[in-house]
Amino acid sequence: MRISLSGMPFWLSFFRRIPRPPGRKAYVVGGWVRDMVMLRRPTRPEIDLAVEGDAVQWGESIAESFGVQVGRVSEFRTCKIDVLHDGVPVRIDIAPCRTDSYPVPGGMPVVTASSIHEDLYRRDFSVNAMAFPLDDPFQGSFLLMDPVGGCEDLARKELRILSPASFDDDPVRIFRLFRFQERLGFHPDLQTSRALESARLNGAFLRSSKSRLWDEIQAAIREESRCPIIFRWLLEKPWENFLPSLKMSSPRRRRVFAWDRLTTYESVFSPMGRFWKETLLLLALFYGIPRQECDRGLRLLGVPEKRAKIVRESLFPVSFGKRREKTSQPDILLNISPQMIFLNLVRGGAESLASFEKTVAEADHHPLRETSLTGRDLIKEGIDSSPEIGNLLREIRTLREQGILNSRREELDWVRARVRSRGKNP
Ligand code: CTP
């Protein structure tokens, strides 16, 4: 199957800027390929590249072509690069093609260099194990490589693991499964359901790498269907033995819903950024559970200490007389800290949540769900000529339709990058 990028000038010019690694075969892999095959468009400005050779060396030449530096290099010689293409921030992840084995389930893999073929077989689900070879010169289209039958599974809307030990080896995949189930509306096939059940029963996820678990929680928060994903998490077996008070309950479900609704209020929660969105979710989850279990849960989920400290201090305040530490975040709404606003709202029940929503909506004319930026927002950003505002809004709409921008936050970042680059090149 050949997939054309015609009608996607952004990605056409993007791939023209990617230098090919001399003498090595290189590929686009992962979710970008899945979305192109399934929807004929990518859904986010993130792309995974793989090379049969040194990924860091290739990363350096890609970074040079965009005038940036290579970001973090991992112990497996993978690297990340954040570039700006046409004013849009794009995250590029580059990895060497490899196979991996897990001597200790859930532990660090032992990695060996391989061909793309073997590399695709080590991946989580068949729909994520397809690749587009990067031709040199770039022809404007990609020929699909699909050795494991990902395309057929896309058509069947199935999530299929590629090895029976997949979840035991890398338990974070259990949560990736929930995320893709909700996002794509897919279901696991029989073999995957069985492997999932067995990994759940043997508590695989308790052995998972904590930092990767936390990365996965952050990924879940970024999803549109974040509530159902989180509810699936709460139904996980380990809670029953390990943290019995954290299992799913109606009040907990209501608090997570409240968190979901409230954090869509751009004017209140968005300026506080990701940090508070995550912290408030932890408050919604851990509210009402005993201190010891809260501590264990925060550790189990790999919550970074700064957030864990705020959660502990908010839920179990130190005795008065002792001065509370001030956070560096700007306080909002009458100088009360975000976690206190949130806790007061969820404690106050449905009525106080409703009145909060009404007040904010009336004050700011912000609808409940996220909308695109308006001309007024652009004027606030210091853009004053009207034809330019119209042009920017049209561009934003196109980038939204192409799935390159997916939230007001991303739109704002894009506008700010545009304004900055215009300042440099008047
Ligand atoms: N992958 C894997 N096992 C994991 C994580 C990732 O096999 N535990 C592989 C999959 O092939 C995946 C690719 O690495 O497609 C890239 O991972 P990531 O960028 O985390 O996710 P995407 O599948 O690209 O999904 P998204 O649309 O959320 O970016």
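These questions and answers walk through the predicted model shown above.

Colleague: How are residues numbered, and which confidence limits apply?
Modeller: Numbers start from 1 along each chain as its sequence is written, and side-chain values use heavy atoms, with hydrogens and water left out. In this predicted model, totals for chains, interfaces and linings use all residues, local features need pLDDT of at least 70, and side-chain atom pairs count only at pLDDT 80 or more.

Colleague: How many helices and strands does the protein have?
Modeller: Both are DSSP runs, numbered from the N terminus: helices are H or I with at least four residues, strands are E with at least two. On that basis, the secondary structure comes to 20 helices and 11 strands.

Colleague: What percentage of the 426 residues is buried?
Modeller: Buried means under 20% relative accessible area, exposed means over 50%, and partly exposed lies in between (1.4 Å probe, protein chains only). Of the 426 residues, the buried ones make up 50%.

Colleague: Among contacts between residues at least 6 apart in sequence, what percentage joins residues at least 24 apart?
Modeller: A contact means heavy atoms within 4.5 Å. Among contacts between residues at least 6 apart, the share joining residues at least 24 apart is 67%.

Colleague: Which residue in β5 stands opposite Glu 46?
Modeller: Strand β3 covers residues 46-51 and strand β5 covers residues 88-96. The two run parallel and are joined by six bridges. Opposite Glu 46 stands Arg 91.

Colleague: Which residues are closest to the ligand?
Modeller: A residue is near a molecule if one of its heavy atoms lies within 4 Å of it. Here 16 residues surround the ligand. The closest are Arg 34, Asp 124, Asn 128, Asp 170 and Arg 183.

Colleague: How far is a polar side-chain atom of Asp 170 from a nitrogen atom of the ligand?
Modeller: An oxygen atom of the ligand is 2.8 Å from an N or O atom in the side chain of Arg 34. For Arg 123, the distance from a side-chain N or O atom to a ligand oxygen is 3.0 Å. Asp 170 reaches a nitrogen atom of the ligand instead, at 2.9 Å.

Colleague: Is Asp 119 buried or exposed?
Modeller: Asp 119 is found in helix α4 (residues 116-121). Leaving aside neighbours within four places in sequence, Asp 119 is in contact with Pro 96, Cys 97, Arg 98 and Ser 114. Its relative accessibility is 0%, so Asp 119 counts as buried.

Colleague: Which residues does Glu 278 touch, not counting those up to four places away in sequence?
Modeller: Glu 278 lies in helix α14 (residues 273-286). With a relative accessible area of 2%, Glu 278 is buried. It touches Trp 214, Gln 218, Ile 221 and Arg 307.

Colleague: Why is helix α10 largely enclosed by the rest of the structure?
Modeller: Helix α10 spans residues 226-234. Among its buried residues are Phe 231 and Trp 233.

Colleague: How many disulfides does the structure hold?
Modeller: A disulfide is a pair of cysteine sulfur atoms within 2.5 Å. Cys 97 is buried at 2% relative accessible area, and Cys 294 is buried at 0%. The number of disulfides is zero.

Colleague: Where does Pro 137 lie?
Modeller: Most peptide bonds are trans. The bond from Asp 136 to Pro 137 is cis, with omega near 0°. Pro 137 lies in the loop between β8 and β9 (141-143).

Note on methods
Pairing = 2+ DSSP bridges. Polar contact = N/O pair within 3.5 Å; in protein donor to acceptor, adjacent residues only side chain to side chain.
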